[in-house]
Structure formats: C-alpha cells, structure tokens
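Here are my notes on the structure you asked about. Keep it open beside you while you read.

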Amino acid sequence: MRDSVPDMEHDGVDARLAARLSELRAERGWSLGELAELSGISRSTLSRAERAEISPTAALLNRLCAVYERTMSQLLSEVEAEPAQLVRAVDQAVWADDEAGFMRWSVSPPRTGMRGELVEGRLQPGADIAYDRPPVPGLEQHIWVLEGAMEVTVQGEAHRLRTGDCLRYRLWGPSRFRCPGEEAARYVLVVVKA
C-alpha cells in the first residue's frame, strides 16, 4: 500500500506545476486579475501558486482546470515527462494536498490519442474535498473503492461507497469526496474523455 511521497519529489512537482500554471495564463494573455475573475480565486493566491510559494489545493486546481478546459490529470501530466506505454509503480507521478488529506497517483496518465486515464486516490479520515464545477463538463468517471469507505456526492446526490463498490457517472455540476470513517479510503478513479 502507498502511504507517502518523498518531499524532494513533491517539491519538484510543485515547482513544475507553478511554472505550468504561469505558462497557461501567459499563453492566453490574461492578467492575474482576469484569471481571478474567471476562476473565483484571489489574485494573491494565484500569484503565490504561480511562484510555488504555496502548493495548490485540489479544489483550487479543479477551478483552474475548469478555466483552462482540462482535467486535473491532464494538467499534472503536462508537468511530467511523456509517459511510456508501461508505467512502473515507481515512475507514477504523485501529487498531494496535505491540507485536505488527499493523495493521488497517476497510474495511467493521459496520453495523446487515448481517451481514458487511471488514477489511484487516497483520502485520510475526515478528508472532505468539494469541487464547485467539473474540470470538463460531461466528463465520464468511474470510482472503484479498494479499501475503506467514502461518500461521493454528484450533482447533489450523495452515494455511500464501501470496499468493492463502484460508482459511475457523467459529471455536469458540483461534486464532493469525503472520508467519513476512522480509516483511510483508497480508490481507483477511471476518467474517460469523450
């Protein structure tokens, strides 16, 4: 079972992510103020994220992904090397939102010409992550719980999932991932773009 990510690797991903966020804004010719208005994130938070002074939360990245019209996995894959056909466990990109109690492994990252991706997620007990919008409207997702229990709310409907359960849906509105139990929840998320 995966428990942590080395600090050096975590810091490297944060620095590359900060640089990519800055590039995306520059490519569109947006000021920090314009991006703040589009995303609902304060200018100071955006500035600190682009300078790698803070590690963006999952909710913050989700808002930016919606503005930039890409999934979180796509954004994170843009800061990694082009994935090989075989992705060894030691080579899978890891990203953590320590504040929210969330870690994600890009098991099968997005790749040009392929519509699906596979992510392993882990929510610590008490973790509660709300996304106010989908990164890509209509995105198909499948969540398969490997260990523990979690609650997934999709467009206002809460689903209590236990080990072995699978929830599938198309995401058009807000969503929320919670780990209400005393044990961590580990799950697989399959994302399929149309």
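The points below go from the whole chain down to single residues.

1. First, a caution: this is a predicted model. With that in mind, the protein has five helices and 10 strands.

2. How does the overall form look? With 194 residues, a compact globule would have a radius of gyration near 16 Å, and the protein agrees, since its own value is 16 Å. Its C-alpha trace spans about 45 × 35 × 35 Å along the principal axes.

3. Of the 194 residues, 47% count as buried. The accessible surface comes to about 10,000 Å², and carbon and sulfur atoms account for 49% of that. As for charges, there are 24 positive and 30 negative ones, and their mean positions are 4 Å apart.

4. Take the contacts between residues at least 6 apart in sequence: 66% of them join residues at least 24 apart.

5. Now the largest nonpolar core, which has 44 residues. Which members touch the most others? They are Trp95, Leu123, Ile143, Met150, Val152 and Phe177. Helix H4 (residues 58-68) gives the most to this core, with seven residues.

6. Is H4 enclosed or open? Nine of its 11 residues are buried, so H4 is largely enclosed by the rest of the structure. Among the buried ones are Leu60, Leu64, Val67 and Tyr68, and also Asn62 and Cys65. Colour these on the helix, bearing in mind that an α-helix has 3.6 residues a turn, so residues three or four places apart point the same way.

7. Finally, some backbone angles. Most residues other than glycine have a negative phi. Glu69, which follows H4, has a positive phi near 55°. Ala52 is not a glycine either, yet its phi is positive, at about 60°. You'll find Ala52 in the loop between helix H3 (43-50) and H4, and it is partly exposed, with a relative accessible area of 38%.

8. Gln155 is another non-glycine residue with a positive phi, of about 50°. Where is Gln155? It lies in the loop between strand S6 (149-154) and strand S7 (157-162). With a relative accessible area of 39%, Gln155 is partly exposed.

Definitions and conventions
Residues are numbered from 1 along each chain as its sequence is written. This is a predicted model: local features need pLDDT of at least 70, side-chain atom pairs count only at pLDDT 80 or more; totals for chains, interfaces and linings use all residues. Side-chain values use heavy atoms; hydrogens and water are left out. A nonpolar core is a set of buried Ala, Val, Leu, Ile, Met, Phe, Trp, Tyr and Cys residues joined through side-chain atoms within 4.5 Å. Buried means under 20% relative accessible area, exposed over 50%, partly exposed in between (1.4 Å probe, protein chains only). Helices (H or I, at least four residues) and strands (E, at least two) are DSSP runs, numbered from the N terminus. The radius of gyration is taken over C-alpha atoms; the globule rule is 2.2 Å times the number of residues to the power 0.38. Contact means heavy atoms within 4.5 Å. Accessible areas come from the Shrake-Rupley method with a 1.4 Å probe; for residues, only the protein chains shown count as cover. Lys and Arg count as positive and Asp and Glu as negative; His and the chain ends are not counted. The place of a charge is taken as NZ of Lys, CZ of Arg, CG of Asp or CD of Glu.
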